[in-house]
Structure formats: structure tokens, C-alpha cells
Amino acid sequence: WRGRRGAPYSTLVPSDEVTINYRHGLPVITLTLPTRSERCQFTVKPVVTTVGAFLQDVQREDKGIGRAEVFATDGSKVSDATLMEVLLMNDFKLVINDTVYGVSPPVKDKLSSEHVTEMEDIKSVVHRLFVALHLEDHQIRKERELLQKLDHLKEELLPLEQMKARIMDSADAKTSRLLWVGLALMSTQGGALAWLTWWVYSWDIMEPVTYFITYGSAMAFYAYFVLTKQDYIYPQAKDRQFLHYFYRKSKKQHFNVERYNKLKDDLAEVEESLRRLRQPLHLRLPIQEISDKD
């Protein structure tokens, strides 16, 4: 057996020097500390304890340990971030200073079914206790955080909402004036054509004029489609002109549309999170601290 730099370790200890037994469902690793030459037990929580944390516990127990590493049976080093639960699934080698310990973890399947059932019952009880003791407090704290964030977003949005309302009123007024100007021009055109047809010229002369006016209008509508990729429908044309005036006015008054939209999205997200958080609370007993906030 060789180390990671290829140098052979001086001592290879039999596998019975490091033993692993399960006590109350947790693995207990027993090994001999090199400085004091005494047996020491380390109880690990396999689901949360990593290999690095276990090795740190061993080095803390014996200050004379300069090197503590874990290798797989094929000689590859086991990462310190590996969970002990994964490590204990197969045989491995524990290296302390220049001593190599061969370790063979017991098979967990050999545990009695009664013991496994007991452990599952304990886990279920612990989970229920945690929910009963901490879930409501966590929800209250989370709701307070969301309410504070909601107030902060509303304070930021208030001046932007006022500025947006002024800009929208101005853009709407300009759009309405443009529509009335269009109606006035069409009325003027119709009156002029009627006057030229009945009082100045005859229909025989004015008919080609009206034809080319109609053809020119069709060309104008087609040009609108080419430029905007939209049909000339009056509501859509009105909305397009309104947005044109709105963005032009926003640029003049330094109204940040992107920031406003971002704040509105954040506000909607916070309100949705608050609604989802309050749903399970309404199914429980009323909480006075939350009712006061409402």
C-alpha cells in the first residue's frame, strides 16, 4: 500500500484495529490513538457528517496526529466532502500518520427490522416536534420579512407611479388630439371633394381624382404594414401612437421604464409569496401578530 505521492507507508495494521459498530442506529468508530495508545470511540451522524469532519475530530482528540486521510481499496483518495454514509457502504483504508488501518464496515442490512422500525418512528416523532415548535415561528418571521420588503417596494414605486400617471395623461391627450385631427382632415377632404364635384367641376372630371385618392390611401395603409408588420386597425394604431408618445415623454422626463417594470415584477412576486405563505396559516388557529399587520 502506497500513499498519494507513491511513498510506501511504514505500517499496515490488521483490520480489527479499527472497528465499527452501530449503537442506537448511529455508527460508532473505535480506533487506537497513536500518542496515548488508547482506544477511542467516535460516534458519527452518517447523514450529515463528512469524511473531513470525522478526520478533524480524530486530529482534535490526539494532537500528535499530523496526517489523517481516507483511501478507497483501489488506492484512490476519498474526498473530505464525502458523506460518512457513503463511505461506510464499502471497505476503506484509514491512514493516520504512517499507519494504515484496513476498515470493513458492517452491512446495515443485518440490522433487525424491529430496530429499523424503531428508528423510523423516532425520526417521525422528531420531525413532528420540529414542525410543531418551529414552523409557525418561521412563518411569522418570513411574513415579517416579506411585509418589510413589500413596504420598501411600494415606497420606491410611489414616485414612479405618480410620474407614470402624468406621462400617461399627456400621451393620452396627444393621442386623442391626433385622432380628432385625423377626423377633421377626413371631413375637410370629403367637403372639398363634394364642393369640387357639384359646384366647380363635374363628376366626370372628379371621378379619376377620387380614384387616385383612394389608391393613394391604399398605398399608405400598405406602407404602414411594411413598416410596422401590423394591419392598420384603428385600436392597434391608437395604442401604437400612445406608446410612441409615452416613451418619448418618458425619455424627456428621465422616467426609467425598465426599473419601473422590474419593481412591479418584484412587487407581484412578493405579493404572491405572501399569499402562498398565508394560506397554511389561515388553516390553523389565528395568529394575533399577523392579524395586527393586516
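User: Two strands count as a pair if DSSP finds at least two bridges between them. In this predicted model, what makes strand S3 and S4 a pair?

Analyst: Strand S3, residues 26-33, is joined to S4 by six bridges, and since the rule asks for at least two, the two strands therefore qualify as a pair. They run antiparallel, and Leu33 has Glu38 in S4 as its bridge partner.

User: Why are strand S2 and strand S4 called edge strands?

Analyst: The open sheet has three strands in the order S2-S3-S4, with antiparallel pairing. Strand S2 (19-23) and strand S4 (38-43) each pair on one side only, which is what makes them the edge strands. From one strand to the next, the twist averages 30 degrees.

User: How do you know that helix H1 packs on the sheet?

Analyst: Helix H1, residues 51-61, touches S3 and S4, where a contact requires heavy atoms within 4.5 Å. The direction of the helix makes about 145 degrees with that of S4.

User: What secondary structure does the model give the spans that UniProt lists as "transmembrane region"?

Analyst: The unreviewed UniProt entry lists residues 178-197 and 209-227 under that name. Residues 178-197 are 100% helix and 0% strand, with end C-alpha atoms 28 Å apart, while residues 209-227 are also 100% helix and 0% strand, with their end C-alpha atoms 27 Å apart.

User: Where is pLDDT under 50, and how many contacts beyond four places in sequence does the model have there?

Analyst: Residues 1-10 stay under 50, with 25 such contacts in the model. Over residues 281-294 the pLDDT is below 50 as well, and that stretch has 14 contacts beyond near neighbours in sequence. Where pLDDT is low, predicted coordinates should not be read in detail.

Technical notes: Residues are numbered from 1 along each chain as its sequence is written. This is a predicted model: local features need pLDDT of at least 70, side-chain atom pairs count only at pLDDT 80 or more; totals for chains, interfaces and linings use all residues. Side-chain values use heavy atoms; hydrogens and water are left out. pLDDT is the predictor's confidence in each residue, from 0 to 100. UniProt positions are given in the numbering used here, feature names are shortened, and annotations may be inferred rather than shown by experiment. Helices (H or I, at least four residues) and strands (E, at least two) are DSSP runs, numbered from the N terminus. Axes are lines fitted to C-alpha atoms, for helices over the stretch in contact, and angles run from 0 to 180 degrees between N-to-C directions.
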